[in-house]
Amino acid sequence: MVDSAQDVKPTPVRPSGGQVTFVQGTALYVGAVLGTGAIALPALAARAAGPASLLAWLGMVLMSIPLAATFAALGSRYPDSGGVSTYVRRAFGHRLAALVGWCFYLTVPPAMAAAALFGGAYVASATGGGTATVVGTAALLIATVTIANAFGLRVSGRLALLLAGVLATLLLAAAITSLPHARWDNLQPFAPYGWSAVATAAALLVWSFSGWEAMTHLSADFRRPARDIPRTTGSAVAIVGVLYLAVAAASILVLGAAAGESNAPLADLLAIGVGGPSRVIAAAVAVLLTLGVMNTYQAGAAKLGAALGRDAAMPRWLAPGAASGEVPLRSVGVVAAIAGAALAGVTLLGDADPEPLVLLTTGAFMTVYVLGAAAAVRLLPRRSAGWVSALISVIAAAALLATTGRYLLWPLGLAAACLFYLYLSSAAARRHPRGDDRRSVPDDAVR
C-alpha cells in the first residue's frame, strides 16, 4: 500500500537548532561530490568520446542544477537524516525504500574496487609500474580500509574536507599551470567515435557527480535548512562545475589524443605544468583521497547493511552491529568480500579496467536518483520551483539510466532480488506470526 503524498505533512520551516552554517555546508557539499572521479574520469570520458566528451561534462553540470535543486527542496521541506530512503518511503512506501537500501549496499563494493584502481593507477604512474602495481595497490587499499572498519576506525569529517580541499587545489593548479601548453588543434577530430559516444561518456561521468543526495542526510543539522540549503546547493554546483570543466578542458587541450590513454590524467597535467616531483605528489594525494573515500563508503555501507538486516529488508544474519557505537563486523566482511570479488573479476576479465565497475555503479546510483526525484514530484507542491526541478530530474535521470546499456541489468536484478526477498519475508511472517517478526517486517510488505 502506497502512502498518499497529500497525507504527509511537511516539516515546519523554522530554525532546526543544528550547527551547520552556509560556509560549512558548502564545504561539506563540495567534499561530498568532488571525489575520486576527478582523478580518473577525465581520461575515461576522453577514451569514450574524444574531445566530444566535453559536451558530456557540460551536460552533466547542467543536469546537476535541477538534480541538486530537487534534493535541496526535499532537504529544506523534510529535514531528516534518512535522506533519499526517507523521501521514497514517504512517497511510495517501504518496498521501494528497501530497494534504495539494496542499491546502495550492494553497489558500494564495486565502487570501492573502482576507486581503489583509480588510486593504484596513480601509484603506477609515479613508480613506473604496470598492471600488477595497479592491482596490488588496489588490493592493499581494500584490505587497509577493511581492517580500519573492523576496528571501528573512521576518517574524520575534518580530514575528509581537508583532502577534498587539497584535491580542489590540485585540480585548479593542474588546469592553470598546463594552460600555456594547450593546443586548439587537439579538438580535431571533435567526435572521432560518433555523437552517440557522448551519451556513453555521460554515463561514466555520473560517478563524478554522484553525491548531490548525500547532503540530505545532514539537512536536519543546518541552522536554517529552508534558507541555507538552497544557497549551499547553488554555491556547490558552481564550484564543482567550474573545477570539473576546467580539468576536462585542460585534459583534452593539453594532452590531446593521449588524454584517453592516460591512467593518471591529473598527474600528467601537473607534470607538464609544474614538473618536478608532481607525479609523486599527485600519487600521494590520490592514495590519501582514495583511502578517505573508501573508508567512508565501507563504513556507511556496512552500517546500512546491518540496519537492513535488523529491519528484515536483508537477512537477519547481517543485523549485529546496527546499534549506535557498535561495529557491524559481518557486514564489513560482506562488503570487503564483494569488493575483492569485483577487483578480481575486472583483473581477470578486463585487464584491471575500472570502466565496467563505474558503469555498474552508475546504473544503481541513477536508479536511486530516479526514485528520489520521483518521490519529490509526489511530495513537493505542484508547480513550485522544486517540483519543476524534480520533474526535469526524473526525465533526465531516466534517460541517462538508459545509456548504461547492459549494465542496466544490475539495478534491475537488484530490484527483482529485493522484491522477491521482501515477498519471502512477508510470507514467512504470515506463516509464523511471532512478535519479533511482525515488528521487523514493514506493514505494507505484510499487506
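The structure is a predicted model. Its chain of 447 residues contains 17 helices and zero strands.

**The chain as a whole**

- The secondary structure consists of 17 helices, with zero strands.
- Of the 447 residues in the chain, 53% are buried.
- When contacts between residues at least 6 apart in sequence are considered, 83% of them join residues at least 24 apart.

- Rolling a probe the size of a water molecule over the atoms shows where empty space is left.
- The second largest pocket has a volume of about 390 Å³.
- Its lining is formed by 22 residues. Those that lie nearest the centre of this pocket are Ala121, Asn263, Ala352, Asp353 and Pro354.
- Three helices each supply at least two residues of this lining: H2 (37-49), H5 (94-127) and H6 (131-150).
- Helix H5 gives the most to the lining of the pocket, contributing five residues.
- By residue type, the lining of the pocket comprises ten nonpolar, eight polar and four charged residues.

**The cavities**

- The model holds two cavities of 30 Å³ or more.
- The second largest cavity has a volume of about 40 Å³.
- Residues from several parts of the sequence are listed in the lining of this cavity: Met60, Ser64, Leu67, Val206, Phe209, Ser210, Trp212, Met366 and Tyr369.
- Helices H3 (53-77), H8 and H13 (355-379) each provide at least two residues of the cavity lining.
- Helix H3 accounts for the largest share of the cavity lining, with three residues.
- The cavity lining has seven nonpolar residues, two polar residues and no charged residues.

**Ser208 in helix H8**

- Ser208 belongs to helix H8, which spans residues 197-209.
- Helix H8 is also one of the helices that supply at least two residues to the lining of the second largest cavity.
- Ser208 has a relative accessibility of 1%, and it therefore counts as buried, since the cut-off for a buried residue is under 20%.
- Leaving aside residues up to four places away in sequence, Ser208 touches Val33, Gly37, Ala38, Leu41, Trp57 and Tyr244.

Note on methods
Residues numbered from 1 in each chain as written. Predicted model: local features only at pLDDT ≥ 70, side-chain atom pairs only at ≥ 80, totals over all residues. Heavy atoms only, no water. 1 Å grid on protein atoms, 1.4 Å probe; cavity = no way out; pocket = protein on both sides within 12 Å on 5 of 7 lines; lining within 4 Å. Points joined across faces, edges and corners; volume = space filled by probe spheres on them. Helix = DSSP H or I, 4+ residues; strand = E, 2+ residues; numbered from the N terminus. Nonpolar A, V, L, I, M, F, W, Y, C, P; charged D, E, K, R; others polar. Buried < 20%, exposed > 50% of the residue type's maximum accessible area, 1.4 Å probe, protein only. Contact = heavy atoms within 4.5 Å.
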